[in-house]
Amino acid sequence: MNVLLIEDDHTLSQNIADALKGEQLNVQAVFDGLLAERVMKKNSFDCIIMDVNLPGKNGFDLCRDFRLRDAQTPVIMLTAFAALEDKVQGFDCGADDYLTKPFFMRELIMRVNTLIKRYKSNGSKGTGNTITAGDISINDMQKKVFRQGKEIMLTPREYQILYKLAVNTGEIVSKTDLIKEIWGSSFDFNTNTIEVYINFLRNKLDKPFGKNSIRTKVGFGYYLDVS
C-alpha cells in the first residue's frame with residue numbers, strides 16, 4: 001500500500017514515515033504543498049496524509065483541488081488547531097479524517113489502516129447497479145450521484161452517508177450506525193461529525209433543488225424522504 005505524506009516538519013515527517021513503514025506501508029514524503037500537488041497529479045496512492053499549514057500551498061486548498069480530480073482516495077488532515085471551524089473547513093475541503101497535533105502515532109496508524117481497508121473494500125464491490133430514490137440516482141460502480149439529471153459532486157464520506165440512507169429509503173438510520181459503518185467502531189462518538197456531513201449533504205442535495213429529502217428524527221437518527 002502506498003501512502004503520500006505531506007508534512008513540512010522534517011522531524012515529525014520522519015517519525016510518521018518510520019511508524020507507517022513499520023506497518024509495511026510504502027511512504028513517499030514531501031514537504032511543500034506545490035510539490036505535493038505535482039506528485040498527486042502524477043501518481044496514485046492508497047492514502048494521503050497532509051498537514052494544513054504547508055509552504056507553497058496550504059492543506060485546505062491542496063485537498064479541495066485534489067478532490068476535483070479524485071473523489072475516492074482517503075485523505076487525513078493534520079493540524080495544530082483544534083477549533084471546530086478548522087475541522088469543518090477540513091471536512092468541507094474533502095478530507096475523510098482529521099487529527100489534531102499532538103497525536104498518538106498508534107492512533108494515526110489505526111486511522112490510516114481503517115481508511116485504506118474501507119477504500120479498497122468500497123472500490124472492489126461495485127456492482128454497476130443504480131439505486132433510485134425519487135429523483136435521486138446513485139451509480140455505485142462509478143460513485144456518481146444525480147438529481148433531476150444533474151450530477152452532484154460529493155466527497156467520499158458524503159457519498160457513503162447518502163448511499164446508506166438511500167438503500168434504506170424511508171427507514172431511520174441512527175447516528176451510531178452511520179459512524180460505525182463509515183468510520184469504524186474506534187471513532188470518537190462524542191463528536192458532531194455526522195451532523196456536519198448531513199449539513200453538507202443538504203446544501204448539495206436538497207437546497208439547490210428546493211427539497212427537504214434528508215430528514216432528522218430527533219433522538220433516533222436520519223432518513224431519506226423522497227415521497
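Student: Which way do helix 2 and helix 3 cross, left-handed or right-handed?
Tutor: This is a predicted model. In it, helix 2 passes helix 3. The crossing is right-handed.

Student: How do the axes of helix 2 and helix 3 lie, roughly parallel or roughly antiparallel?
Tutor: Helix 2 spans residues 33-42 and helix 3 spans residues 59-69. Their axes come within 11 Å and cross at roughly 15°. Angles under 35 degrees count as roughly parallel. Helix 2 is therefore, relative to helix 3, roughly parallel.

Student: How many residues of each class make the contact of helix 2 with helix 3?
Tutor: Helix 2 brings Gly33, Ala36, Glu37, Met40 and Lys41. Helix 3 brings Leu62, Asp65, Phe66 and Arg69. By class, the contact has four nonpolar, one polar and four charged residues.

Student: Is Val52 buried or exposed?
Tutor: Val52 sits in the loop between strand 3 (47-51) and helix 3. Its relative accessibility is 5%. Buried means under 20%. So Val52 counts as buried.

Student: Which residues is Met77 in contact with, leaving aside neighbours within four places in sequence?
Tutor: Val52 has Met77 in its own contact list, along with Asn58, Gly59, Phe60, Leu78, Thr79 and Tyr98. The partners of Met77 are Met50, Val52, Gly59, Phe60, Cys63, Gly90, Ala95, Asp97, Tyr98 and Leu99.

Student: How far apart in space are Val52 and Gly33?
Tutor: Gly33 belongs to the contact of helix 2 with helix 3. In sequence, Val52 and Gly33 are 19 residues apart. In space, C-alpha to C-alpha, the distance is 9.4 Å.

Student: What share of contacts in the chain between residues at least 6 apart in sequence joins residues at least 24 apart?
Tutor: The chain has eight helices and eleven strands. Of its 227 residues, 46% count as buried. For contacts joining residues at least 24 apart, the share is 57%.

Technical notes. Residues numbered from 1 in each chain as written. Predicted model: local features only at pLDDT ≥ 70, side-chain atom pairs only at ≥ 80, totals over all residues. Heavy atoms only, no water. Axes fitted to C-alpha atoms, helices over the stretch in contact; angles between N-to-C directions. Helix = DSSP H or I, 4+ residues; strand = E, 2+ residues; numbered from the N terminus. Parallel < 35°, antiparallel > 145°, perpendicular 65-115°, else oblique. Left-handed = near helix turned anticlockwise from the far one by under 90°. Contact = heavy atoms within 4.5 Å. Nonpolar A, V, L, I, M, F, W, Y, C, P; charged D, E, K, R; others polar. Buried < 20%, exposed > 50% of the residue type's maximum accessible area, 1.4 Å probe, protein only.
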